[in-house]
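Hello,

Here is the structure we talked about. Please load it, then read the notes below.

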Amino acid sequence: MRYLGIALTVCMMILSVSAVRAAAALPQGSWVLRVEQGGAWADIPDAVMDLAGQPFVSVRGLAQGIGASLSWIEVTKEAVFTSERTVAMLRAGDRQAYVNGSAVTLSASPDAESGRLAIAAPDIRALGLAVEIDGQTRVIKVSRPRSRIKRASVSADHGVVSVLIEGDTPFRYSDFVLCTPDRVVIDIYDAVLEPSVLTVDVADSVVKRVRAAMNRPGVVRVVVDLASALGYTVEYTAGAPARLAIEFHTRITHFALDSAAPLPRLLVATAGRSAFSAPQVDAEGIMLMDFPSAQVCLDQAELVPEGGPVKWARITALEGGGARLRVKLEEGYSAIVRDRLCDDNGVVIDFALTVCSVRSYEGPGCTVVHITTSGPVGFRPFRLNEPDRLAVDLPGVWAASSSLVEVHSRSVTQVRLAQFAEGTARAVLDLGEAWAHSWDVSPDGKGIMLTVASSPVFGRTVVIDPGHGGTDPGAVKDGVYEKDINLDIASRLRQLLEMSGARVVMTRNDDCSVQLSDRSRMANEAAPDAIISIHCNSTTWDIFPSGTESYYFNTVPYSQELAALVHTCVVRELQLMDRKVRRGDYHMVRETSAPAVLVEVGFMSNGVDLQKLRDPEFRQKAATGMFKGLSMYLGSDMFRKWRVESTGTSGDWRQVGGNSSSRQGSGGR
Ligand SMILES: [Zn+2]
């Protein structure tokens with residue numbers, strides 16, 4: 001108790017001495033510490049003392065006034081002053097202070113004689129504060145240093161619109177959102193705007209305008225007017241200059257499949273213009289498309305349509321920002337990024353098959369154009385007139401660019417491929433000497449094979465019956481056997497027909513005996529389009545008869561017409577006497593189920609005719625005449641009528657797939 005009493009006495013003595021000293025040192029009245037608090041000035045009482053004519057400011061009073069903190073480290077006897085951007089360590093009697101880790105020499109040593117740590121008024125600057133000392137009014141004004149906001153700019157990059165605010169020194173800020181209209185407000189503290197008002201008008205669908213003005217002393221308010229509510233991020237970088245970057249992100253707001261579009265279509269709508277990557281396909285065959293700046297704001301982020309090439313589609317947020325569209329497609333389908341939506345906010349993605357290749361090759365009597373596609377396609381080939389063209393529409397196929405394939409065959413000059421309508425590609429074959437066409441699906445189901453015939457015999461079945469054979473030599477004259485002449489002409493005719501794409505059935509291929517009933521059975525089993533029986537004439541009673549004659553029986557309609565055409569052509573080729581077309585009751589024209597003709601090429605009993613029949617060139621001419629006659633008949637309306645009457649289908653090419661049509665008129669020859 002005794003010691004305590006002494007201690008109290010000593011303390012009271014110190015206090016009274018200090019009071020006397022302070023009163024004596026300020027004859028012109030007290031100094032006033034005036035600090036800025038949230039844009040207004042406030043006087044802090046009893047915070048300044050005069051030491052040897054110099055105003056010293058209580059560090060605690062200053063810290064309280066300016067909103068900093070002060071703590072005491074007993075071990076080192078140091079006071080630590082901490083504000084947002086300054087950590088200063090001060091020690092009584094030591095001019096060396098440490099500010100933000102660096103040694104700073106003060107104008108005077110901090111003083112603690114009064115029991116409170118005080119620093120010379122000019123040393124307040126070392127604490128990162130602005131100070132004005134007015135000796136006249138004895139006012140010390142302390143404020144936080146103000147960052148001068150000189151610039152606000154707006155930039156857009158890949159759909160991210162950035163507002164950049166720069167101050168020459170670090171500043172504090174806060175941000176908040178206001179609605180109706182949508183805007184983002186950023187208050188920047190300890191700042192001054194130079195010039196006093198700043199406006200940046202932006203021609204952008206995301207940000208309309210940036211306005212900045214002094215809201216109150218020390219506070220610059222930046223308002224970003226938005227076209228619509230958007231997400232944003234704020235990034236502050238301290239330094240000189242200090243930067244505040246506000247990035248506005250587009251948002252994915254709508255995600256749907258449009259089943260009414262010409263091609264299967266996916267719509268991704270965004271608030272604000274969004275960048276997106278080109279579609280890519282990952283190892284699992286899933287199409288990926290990134291929206292690097294977009295935020296996902298969807299009620300439903302997954303679509304699982306029933307049917308169609310889109311199995312499922314999902315939009316997910318990416319780690320670190322952005323969104324990813326993933327679409328599982330049926331094999332063969334590709335994504336086609338269309339124009340953006342009409343207001344530019346979003347993207348339209350169509351899904352289509354593509355044309356892989358267009359090739360052509362020559363076959364007997366025809367040109368085949370093979371168009372391969374990335375998946376199965378429904379086809380609709382059709383002829384176009386003047387000039388003669390064969391077109392095929394490929395629904396669901398997208399031809400990225402128009403292309404042309406030169407063919408230069410007899411029946412096809414070139415193939416042009418282009419997008420005919422939004423949902424349909426069209427291939428057009430420019431035709432030359434084209435008779436008929438047929439089509440079939442590619443062997444793998446992906447594409448179409450178009451066959452364009454250059455001859456009317458293409459795809460037709462013709463039965464050739466070389467008369468006699470084997471033990472039946474037919475007429476024999478001067479060591480020449482009719483059976484051999486007949487087979488030779490038949491073989492030549494067969495070659496001509498097959499070179500033009502006809503299917504030929506021979507009743508005999510070599511020197512063998514074949515009964516007439518077997519011949520007609522073979523012919524009828526072949527379901528032919530025409531039958532031609534080849535013979536040579538002979539008489540035993542006269543050597544003078546000469547020339548060509550042909551027979552029909554008319555069991556089948558148009559047999560007479562077939563006989564007339566073949567006979568006329570043979571006579572024209574051979575230039576032998578025209579012995580006319582006659583009705584004859586012969587087995588091969590009577591017992592057959594298709595139009596049939598029997599040609600007696602010439603008279604072996606006539607020396608001149610026989611001489612000619614022995615000549616291979618003459619026999620070739622005979623075959624050529626028969627071929628021409630058959631071609632004329634098979635390209636005629638009569639033949640088409642017969643086909644309709646006998647098979648119920650017009651001009652089907654029975655040997656060329658199930659889809660075909662022949663044609664006459666301007667395009668046919
Ligand atoms: Zn004969």
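What is the mean pLDDT of the chain, and what share of its residues reach 70 or more? This is a predicted model. The mean is 85, and 90% of the residues reach 70 or more.

Helix α1 (residues 2–25) has the lowest mean, at 39, while strand β49 (residues 596–603) has the highest, at 98. Two stretches stay under 50. Residues 1–27 are one of them, with 6 contacts beyond four places in sequence. Residues 652–669 also stay under 50, and there the model has 61 such contacts.

Next, the zinc ion. Its protein donors are His468 (NE2), Glu482 (OE) and His535 (ND1), at 2.0 to 2.2 Å. Along the chain they follow the spacing H-x13-E-x52-H. Glu482 sits in helix α3 (residues 482–499) and His535 in strand β46 (residues 530–537), so this pair links parts of the chain 53 residues apart. Glu482 is buried, with a relative accessible area of 3%. His535 is buried too, at 13%.

Last, helix α5 (residues 559–574). At 1.5 Å a residue, its 16 residues should span 22 Å, and the end C-alpha atoms are 22 Å apart, which agrees. Its buried residues include Leu562, Leu565, Val566, Cys569 and Val570. Among the elements covering the buried residues of α5 are β46, β49, α8 (616–634) and α9 (637–647). Just after α5, Gln575 takes a positive phi of about 60°.

Best wishes

Key
Residues are numbered from 1 along each chain as its sequence is written. This is a predicted model: local features need pLDDT of at least 70, side-chain atom pairs count only at pLDDT 80 or more; totals for chains, interfaces and linings use all residues. Side-chain values use heavy atoms; hydrogens and water are left out. pLDDT is the predictor's confidence in each residue, from 0 to 100. Helices (H or I, at least four residues) and strands (E, at least two) are DSSP runs, numbered from the N terminus. Contact means heavy atoms within 4.5 Å. Donors are N, O and S atoms within 2.8 Å of the metal (3.2 Å for Na, K and Ca); water is not among the atoms, so sites may look incomplete. Buried means under 20% relative accessible area, exposed over 50%, partly exposed in between (1.4 Å probe, protein chains only). The expected span of a helix is 1.5 Å times one less than its number of residues.
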